[in-house]
Amino acid sequence: MRKICALLTALTLLLCMFGGCKKTCQHEWGREKGTFDRFTGVCNLCGAVCEHEWNKKTGACSICKKYCEHTLGTSEEKACEICGYTIPVEVTTDVVGATTEFAVIPHTWDWECPEKGTVERLYYDTDAYGDGTTYHKYVLVYLPYGYNQADTSKKYNVVYFQHANGSNRELILSNRSLNVIDNMFYRSAIEPLIIVCTTFYMDDTSTVAFDGWSEETQSSFQFYKEVTEDILPAVESHYNTYAESCDAEGLIASRDHRAFTGFSRGANCTWNMFCYAFEYFRWYSPMSCNFVGAGKEAFTNEEAFEALKASAEAHPGMPYFIFAASGGDRDIPAVRGQIRDFLSHNYFSYGKDPEKDNFFYLLSDYDHGNYASDYYYNSLQVFFH
Ligand SMILES: [Zn+2]
Ligand SMILES: [Zn+2]
Ligand SMILES: [Zn+2]
């Protein structure tokens, strides 16, 4: 009898080794405890694969904690066919006197994207400042996965991005931000485009605000000259863009395919671009800063509004869209106050349809951090349509 018992035990163990126990594994054999790996959903002890129970609100499995990769796609409108997750949209109606929206990107966009774009430098010279100096500078250029310089039949829209005080061109083209951008093109319906990161600093090595010459210390806004006279021609003649020629005429003719965006000081720069380079850009996204004017100026909300209005009215027949964005209490509160003031004039057509609207405001609950890539998922559903 003992022998039979031993034999049965041995047989059971053997069966287990070949996977017979997997379905009934409680992930605890003797002293060893097994758990499902939250990235693979596989038990590290018995090798069983979790039979996921998806939470459609989070897109995560309640048993193994793995996040669904939504490989069949998901958006605000379309639920993932695997887990039921829909990209959530945060809506407010009582903050700026109009409905604000923020579509929150899924956690999985933080995971390493299998299709990465490339980042490279493009050098140019600028003597736009009239100080007798020619500055040798570069922009950092993001080329989406699949971009082929030799295929000139495929044209790309271009988004320009200006960084914040004390920051640099790498701000959104590194680490998490860059990966989110890759994932945005890989996992959503947003069409891949070129992103060009500019700097208003003259010294290439400087990332410190107020260190030497920089836009924010000037008495007037001059950076637009460098952008329109030197950066746009350099970029748009080099890459496969919609600009058929890179003189002023050709660049203005292709303005529908160009956006200017920026974060913090770069957002003020973006508001300024609306007033100084309107002909060259149709789309604007100032993120996390109100319009405070040029250089050391300090606009009142009324002055800021009048400046925007004057620029729009100086260019009849040229459509535009401002997609402003900021966070909540932990971001710059002046943004919300200014947006409320802007909208109270009933001058802009508020909404997200660029056929008839020209102004929208994204309100997140984020702080004054770099969430440009999160905000792009929202603004780029409006731009270039
Ligand atoms: Zn197990
Ligand atoms: Zn699971
Ligand atoms: Zn899913």
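A residue is buried if 20 or more other C-beta atoms lie within 10 Å of its own, exposed if 12 or fewer, and partly exposed in between, with C-beta atoms placed from the backbone. By that rule, eight of the eight residues of helix 8 (residues 372-379) are buried. This is a predicted model, where local features need pLDDT of at least 70, side-chain atom pairs count only at pLDDT 80 or more, and totals for chains, interfaces and linings use all residues. Residues are numbered from 1 along each chain as its sequence is written, while chains are lettered from A and ligands numbered from 1 in the order in which they are written. Helices (H or I, at least four residues) and strands (E, at least two) are DSSP runs, numbered from the N terminus.

**Helix 8 and the segment after it**
- Helix 8 is mostly covered.
- Its buried residues include Tyr 375, Tyr 376 and Tyr 377.
- Phe 384 lies in the segment after helix 8.
- Phe 384 is not a glycine, yet its phi is positive, about 65°.
- Phe 384 counts as buried because 20 other C-beta atoms lie within 10 Å.

- Strand 9 (residues 158-162) is largely enclosed by the rest of the structure, because five of its five residues are buried.
- In a regular strand the side chains alternate between the two faces of the sheet.
- On one side of strand 9 sit Val 158, Tyr 160 and Gln 162; on the other sit Val 159 and Phe 161; all are buried.
- Strand 9 pairs with strand 10 (residues 194-198) in the parallel sense, over five bridges. Pairing requires at least two DSSP bridges between two strands.
- Gln 162 has Thr 198 of strand 10 as its bridge partner.
- From strand 9 the chain passes through helix 2 (residues 175-187) to strand 10, a right-handed β-α-β crossover. Right-handed means that, with the strands pointing away from the viewer, the path from the first strand over the helix to the second runs clockwise.
- Strand 11 (residues 258-263) also runs parallel to strand 9, joined by five bridges.
- Phe 260 in strand 11 stands opposite Tyr 160.

**Two loop residues**
- Val 42 lies in the loop between strand 2 (32-33) and strand 3 (54-55).
- Val 42 is partly exposed, because 16 other C-beta atoms lie within 10 Å.
- Val 42 and Cys 64 are 22 residues apart in sequence, and their C-alpha atoms are 8.3 Å apart.
- His 70 is in the loop between strand 4 (60-61) and strand 5 (89-92).
- His 70 is buried, with 23 other C-beta atoms within 10 Å.
- The phi of His 70 is positive, near 50°.
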